[in-house]
Amino acid sequence: MNRKRLLIVAVALMMFASIVAGCAGKNNEAGNATGTNAGGAAGNKEKVEIKVWLTPQWKGVLDASESGADYDSFMKYAAEKFSSQYTKYDAKVNVEVIAGDQRDQLLNVNLSGGTPPDVMFESVFALGDYVHRGALVPLTDIVDDAAKKDISESYWNSVTFGKDVYFYPFQNNPGTFVYNADMFKAAGLDKFIGEDSEIKTWTLAEYEEILKGLKDNLPKDKYSNAYPMALYAVNNQGDTWNLAYLRMFGNKFFDDQGNIVLDDEKGVKAAAWLKKIKDAGYTNPGAESVSSNDVNGMFQNQQLAISFTNPILFNNTKMDMESGKIKKFDARLANIPSESGDPLSFTYVVGAGVFQSKDEKKVEVAKDFVKFFSTDAELVKSSKNGIPVRSSVAEEFKNVNPLFTAYDANSKYLFNFTGNVPGYSQLREVLYPELQALYTGASTPEKMVKEYQAKGNAVIENNKKNSVIYQNQ
């Protein structure tokens with residue numbers, strides 16, 4: 001009897017050991033199925049899942065010619081690379097592309113429901129008001145000295161609200177003039193033409209000479225119904241160039257408290273200059289009822305010698321020439337001039353921000369992911385699909401696009417057109433009616449700057465009341 005009991009016990013122990021070994025094997029298989037991160041199996045770590053939204057920026061990882069290239073290619077590749085080496089958590093990064101015209105609606109719905117994206121990759125210009133609403137978290141702690149050295153201070157100023165950085169600069173979309181060099185030559189203005197790879201800088205006196213030369217000497221038989229310079233004010237589109245013109249005589253536009261200070265001698269002088277060139281016939285007629293899209297079309301049809309552009313519009317124009325959609329001509333770039341002689345330049349910085357999900361671990365992973373793809377030596381090269389903010393990338397790819405060097409050199413002249421003030425999206429609605437009144441003669445330059453300043457500051461002051469940036473100062 002004792003022997004039978006001993007035999008039963010021995011068999012039971014063997015069966016138990018077999019079960020334990022089997023379970024261990026299954027656990028190992030499960031761990032391998034989820035992948036192994038550096039430093040240990042993912043299955044042994046806490047899972048943290050974040051979602052990343054982006055609007056269409058470029059296709060592919062490094063180039064649109066890649067097989068299967070799409071708008072989410074870069075971010076998905078960055079997500080896989082990040083998760084494979086991340087050691088803090090078993091991180092899963094879900095990527096979703098959303099339409100630019102649905103961005104604010106989707107963000108507001110998800111913010112109201114407490115389900116914002118953890119990361120948003122977008123133009124800072126479009127997301128600034130969300131900083132003031134307290135919807136985004138500071139990223140100052142993930143910015144190191146190497147990044148500050150490689151990325152111009154002007155870009156950091158664009159993403160800094162109060163004392164903190166809220167977006168990590170990745171690429172940018174600078175605004176400049178574009179001019180028809182063939183029309184310049186036809187008007188005898190050869191000396192003012194820059195090189196193909198140059199963003200030409202003219203003094204204000206030279207620019208006025210150019211405008212007069214184009215009006216007086218452009219051959220009417222070759223360029224019928226053509227005008228020297230684009231001017232528009234029917235709506236808020238392309239308003240950044242109008243904001244640049246109002247700074248041409250040295251007005252700084254915003255003071256240190258984020259208030260508009262256009263109503264001074266320099267601001268009045270700028271408004272008077274805009275009225276003067278319109279009245280002199282140096283611009284397309286009817287600026288008060290013309291849109292930025294209208295003048296872009298006029299430039300492409302060689303009805304304007306000088307217009308506004310950015311790298312996307314400029315490249316699209318060149319592609320339309322190559323495809324035969326528009327007639328070929330020699331299009332080159334120039335800076336917006338100023339009385340001081342230093343050019344005026346602005347840009348739309350594109351980068352990532354992290355939304356406040358109120359989940360500390362998600363915020364931590366989101367910030368780590370943003371730092372990863374914004375600093376990784378391989379991934380930052382994708383910024384060549386736009387205009388790189390990193391001098392190192394501009395230098396590396398200058399043979400691919402010689403204008404990278406020119407844009408990089410221009411960065412020291414950038415002004416922050418939004419001032420990072422609260423309510424900037426509402427502020428945009430204030431400017432163009434005042435410009436319309438100026439152009440139609442319903443307002444004087446003195447009245448125009450006074451009215452814009454008063455109405456604009458009312459918008460800013462109202463939004464300061466609900467701004468976490470100004471409440472914390």
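What follows is a friendly chat about one predicted protein model.

Me: Hi! What should I know about the numbering and the model before we start?
Reply: The model is predicted, so local features need pLDDT of at least 70 and side-chain atom pairs count only at pLDDT 80 or more, while totals for chains, interfaces and linings use all residues. Residues are numbered from 1 along each chain as its sequence is written, and side-chain values use heavy atoms, with hydrogens and water left out.

Me: Great. How many helices and strands does the protein have?
Reply: There are 18 helices and 14 strands. Helices (H or I, at least four residues) and strands (E, at least two) are DSSP runs, numbered from the N terminus.

Me: And what does the C-alpha trace span along its principal axes?
Reply: About 120 × 50 × 35 Å. Of the 473 residues, 52% count as buried. Buried means under 20% relative accessible area, exposed over 50%, and partly exposed in between, with a 1.4 Å probe and protein chains only.

Me: What share of the contacts comes from residues 24 or more positions apart?
Reply: Such residues account for 75% of the contacts with a separation of 6 or more. A contact here means heavy atoms within 4.5 Å.

Me: Switching to charges: how many salt bridges are there in the whole structure?
Reply: The search finds 26. A salt bridge is a side-chain nitrogen of Lys or Arg within 4 Å of a carboxyl oxygen of Asp or Glu.

Me: What does Lys367 pair with?
Reply: Lys367 forms a salt bridge with Asp141, and their closest N and O atoms are 2.9 Å apart. This pair links distant parts of the chain, 226 residues apart: Lys367 is in helix H13 (residues 360–375), and Asp141 is in the loop between helix H4 (124–132) and helix H5 (145–150).

Me: Are those two buried or exposed?
Reply: One of each. Lys367 is buried at a relative accessible area of 14%, whereas Asp141 is exposed at 56%.

Me: What about Asp150, which residue does it bridge to?
Reply: Asp150 forms a salt bridge with Arg390, with the closest N and O atoms 3.1 Å apart. Asp150 lies in helix H5 and Arg390 in the loop between strand S14 (387–388) and helix H14 (391–396), so the pair ties together parts that are 240 residues apart in sequence. Asp150 counts as buried at 14% relative accessibility, and Arg390 counts as buried at 9%.

Me: Where does Lys149 sit, and is it buried or exposed?
Reply: Lys149 lies in helix H5, and at 77% relative accessibility it counts as exposed.

Me: How far apart are the closest N and O atoms of Lys212 and Asp216?
Reply: They are 2.7 Å apart, and the two residues form a salt bridge. Lys212 and Asp216 are 4 residues apart in helix H8 (residues 204–217), so about one helical turn separates them. Lys212 is partly exposed at 44%, and Asp216 is partly exposed at 43%. Elsewhere, salt bridges that share partners join Lys81, Asp376 and Glu378 into one network.

Me: Which residues of helix H11 are buried?
Reply: In H11 (residues 292–300), Ser292, Val295, Asn296, Met298, Phe299 and Gln300 are buried. Their cover includes strand S8 (168–180), strand S10 (227–229), strand S11 (304–309) and helix H12 (311–323). Just after H11, Gln302 takes a positive phi of about 60°.

Me: What lines the largest cavity?
Reply: Leu54, Gln57, Trp58, Tyr71, Phe74, Met75 and Phe121. The volume of this largest cavity is about 50 Å³.

Terms used
1 Å grid on protein atoms, 1.4 Å probe; cavity = no way out; pocket = protein on both sides within 12 Å on 5 of 7 lines; lining within 4 Å. Points joined across faces, edges and corners; volume = space filled by probe spheres on them.
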